[in-house]
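Subject: Handover of a structure

Dear colleague,

Please find below the sequence and structure that I am handing over to you. My findings follow directly after it.

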Amino acid sequence: MKITDVEVRCCRRAPDAFDTSAFRTGDFAAFQFLVVTLKTDTGHQASTFGFAGRSAEGAGKLIADTLRPFMIGRDPRDREKAWHEFRTADRWWGHLPIYAYGPFDTCQWLLSAEAAGQPLYKYLGAYRDSVPVYGSSMILKEPADYAREALRAKAEGLKAYKLHTPGADIAEDLEAHRLVREAVGPDFTLMSDPVSTYNLEQAIRFGRALEKLDYYWFEEPLYDEDVHALRELARTLEIPLVGTEVLAKHPYSIAECIATRVVDRVRADVSWTGGVTGVMKTARLAEAFGVNCEIHTSIFHPAEIVNLHCCAAVKNCDFFELLYPVEGFAFGLAEPLPIQNGMAMLPTKPGLGVELDWADIDRCTVAIV
Ligand SMILES: [Mg+2]
């Protein structure tokens, strides 16, 4: 089997479920994404969504110009060869964004799993057939909004809830965390992700408050690259410190983070970590050190379901992350993500196991490069 063609669609889609308060920078106008398709000489093809930052056409052109010549002629089953040759090519003047290679790696895995007649997670080697889901908030306006949303997530059967707080006022952020704990009671699992907004002193104070409120983990209070401060923070706090989702060049960049305990749990996802290969390498590396790799949302549901296949193929990940409320992100798949009673159920059909929503993709396509 050889790859004969690469199609990169640049797509834009207006959000219909949340306003600009959903993002800290306040300039969110549309979802920008790519749809990458690899076609083969056997007549098979595979497609997935790719991240595109704030410019689908800019990202699409850069990525297509670099990765089309790199991919054509390859056997999609030779993923490890492609992984290492991409690493070399990227060092020798490629220097693509962290989200560039993920969809190309994922499509190779989908083609291979389909050719084997297996759902991706079985092809990877399954550990389980369902994964507990947590609702992961957007940035909300008022502290009380988080409490209302956490109650809704709990009522819907989700297994946990994570707050992304505004980061403008540490007392207000803490108030949101306190109100959520009060609302859901002592037995519901809660996590906190301030997304690199505090300094070390603030993070120590904040983390200690979260410990008193019995939060399950404290994620990325400092920038992921502030390794010295993070190591200090991890040593100081009892609550598990989670991070590394935006470090470039997984798994190599996070080997030191695991070995010297910069964080207690690492992060990876198919979009920013180089696809299924990057996630599995990162998760296995962490496993060997007795560390969890909590798989991070990839925002777009066609990529989320690839994350779900990875979640089901590893033991050292507690939850499947789902941006919440789900309505704002429920596009790209022909059917909703398979979630029942707070458990994400793995598809049984070969490959991805779920069709993409091509009518919606056609509507969103602004260029094919
Ligand atoms: Mg995060």
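Helices and strands are taken here as DSSP runs, a helix having at least four residues and a strand at least two, and they are numbered from the N terminus. Please note that the model is predicted.

With that definition, I begin with the annotated region. The unreviewed UniProt entry carries the annotation "domain: Mandelate racemase/muconate lactonizing enzyme C-terminal" for residues 143-240. In the model, residues 143-240 are 52% helix and 11% strand.

Domains

The chain is divided into domain 1, made of residues 3-117 together with 357-368, and domain 2, made of residues 122-345. The centres of the two domains, taken over C-alpha atoms, are separated by 24 Å. In the contact between them, 29 residues of domain 1 meet 26 residues of domain 2. On the domain 1 side, strand 3, helix 2 (79-94) and helix 3 (102-115) each supply at least two residues. Helix 3 gives the most to this side, with 8 residues. By class, the domain 1 side has 17 nonpolar, 6 polar and 6 charged residues.

An open sheet of 4 strands shows the order 3-2-1-14, with antiparallel pairing. Strand 3 (45-51) and strand 14 (365-368) stand at the edges with a single partner strand each, so one side of each is left without a neighbour in the sheet. On average, neighbouring strands of this sheet are turned by 25 degrees against each other, direction ignored. Strand 1 (residues 3-13) and strand 2 (residues 31-40) run antiparallel and are joined by 10 bridges. Within strand 2, V35 is the residue that stands opposite R9. Helix 1 (residues 56-71) lies across strand 1, strand 2 and strand 14, and runs at about 170 degrees to strand 1.

Helix 2 and helix 3

Two packed helices are described by the angle and the distance between their axes. For helix 2 and helix 3, the axes come within 11 Å and cross at roughly 170 degrees. Angles over 145 degrees count as roughly antiparallel, and helix 2 and helix 3 are therefore roughly antiparallel to each other. Their contact is made by R79, A82 and W83 of helix 2 and by D105, Q108 and W109 of helix 3. These contact residues divide into 3 nonpolar, 1 polar and 2 charged.

With kind regards

How values were computed: Residues are numbered from 1 along each chain as its sequence is written. This is a predicted model: local features need pLDDT of at least 70, side-chain atom pairs count only at pLDDT 80 or more; totals for chains, interfaces and linings use all residues. Two strands pair if DSSP finds at least two bridges between them. Axes are lines fitted to C-alpha atoms, for helices over the stretch in contact, and angles run from 0 to 180 degrees between N-to-C directions. Two residues are in contact if their C-beta atoms, placed from the backbone, lie within 7 Å. Domain bounds come from an automatic or database domain assignment. Ala, Val, Leu, Ile, Met, Phe, Trp, Tyr, Cys and Pro count as nonpolar, Asp, Glu, Lys and Arg as charged, and the others, Gly among them, as polar. UniProt positions are given in the numbering used here, feature names are shortened, and annotations may be inferred rather than shown by experiment. Angles under 35 degrees count as roughly parallel, over 145 as roughly antiparallel, 65 to 115 as roughly perpendicular and the rest as oblique.
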